[in-house]
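Welcome! Here is a short briefing to read alongside the sequence and the 3D view. Take a look at both, then work through the points below.

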Amino acid sequence: MHRFLSEESYWVVDRSREQQARANEMSACFSVFHEPTGAQVGFARVVTDDGPFGWVADVCVPDGHRRRRVGVWLVPCVARAFCPRPRPALGPPPPHPRDAN
């Protein structure tokens with residue numbers, strides 16, 4: 001995917017392999033692989049706060065695999081990974097120690 005991102009995408013042209021690796025380390029990454037060959041045919045990178053927030057930074061499908069709905073399948077998978085998680089019910093705050101008596 002690095003070649004695709006650094007040569008064919010307009011948003012990260014000329015990004016070095018080291019820069020991309022660092023971006024990947026700081027993000028949640030998703031890949032799609034072609035079952036018979038094991039070739040990577042899709043990639044998405046999401047910048048996240050390790051909570052329910054995520055900003056989709058990269059989604060790419062190389063030319064040879066486009067028009068096969070790879071991206072259409074990948075993006076909802078990414079969105080489901082960042083669906084709001086259940087949160088505790090909000091209630092009154094605990095009493096202040098000075099009000100304990």
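How many helices and strands does the protein have? The protein has three helices and three strands, where helices (H or I, at least four residues) and strands (E, at least two) are DSSP runs numbered from the N terminus. Starting at the N terminus, these elements follow the order α-α-β-β-β-α. This is a predicted model, in which local features need pLDDT of at least 70 and side-chain atom pairs count only at pLDDT 80 or more, while totals for chains, interfaces and linings use all residues. Residues are numbered from 1 along each chain as its sequence is written, and side-chain values use heavy atoms, with hydrogens and water left out.

**Confidence**

- The mean pLDDT of the protein is 81, pLDDT being the predictor's confidence in each residue, from 0 to 100.
- A value of 70 or more is reached by 84% of the residues.
- Confidence is highest in strand 1 (residues 27–33), with a mean of 92, and lowest in helix 1 (residues 2–8), with a mean of 76.
- Where pLDDT is low, predicted coordinates should not be read in detail.

- Three strands form an open sheet in the order 1-2-3, with antiparallel pairing; two strands pair if DSSP finds at least two bridges between them.
- Why is one side of strand 1 and of strand 3 left without a neighbour in the sheet? Strand 1 and strand 3 stand at the edges and each has a single partner strand, so one side of each has no neighbour there.
- On average, neighbouring strands of this sheet are turned by 15° against each other, direction ignored.
- Seven bridges link strand 1 and strand 2, and six bridges join strand 2 to strand 3.
- Ala44 in strand 2 stands opposite Phe30, and in strand 3 the bridge partner of Ala44 is Val59.
- In the hairpin of strand 1 and strand 2, six residues lie between the strands, and Gly38 takes a positive phi near 80°.

**Helices against the sheet**

- Helix 2 (residues 17–25) lies across strand 1, strand 2 and strand 3, and runs at about 60° to strand 2; such angles run from 0 to 180 degrees between N-to-C directions, with axes fitted to C-alpha atoms, for helices over the stretch in contact.
- Helix 3 packs on the sheet and touches strand 1, strand 2 and strand 3, and its direction makes about 30° with that of strand 2.

**Inside the protein**

- Of the 101 residues, 28% count as buried, meaning under 20% relative accessible area, with exposed over 50% and partly exposed in between (1.4 Å probe, protein chains only).
- The largest nonpolar core has 10 residues, including Phe30, Val41, Ala44, Leu74 and Phe82; a nonpolar core is a set of buried Ala, Val, Leu, Ile, Met, Phe, Trp, Tyr and Cys residues joined through side-chain atoms within 4.5 Å.
- Strand 1, strand 2 (40–48) and helix 3 (70–81) are the elements that give two or more residues to this core.
- Apart from this core lies another, of five residues, among them Phe4, Leu5, Val12 and Cys60.
- Not counting residues up to four places away in sequence, Val41 touches several residues, including Met1, Val32, Cys60 and Val70; contact means heavy atoms within 4.5 Å.

**A residue in a loop**

- Asp49 is found in the loop between strand 2 and strand 3 (54–60).
- Asp49 counts as partly exposed because its relative accessibility is 48%.
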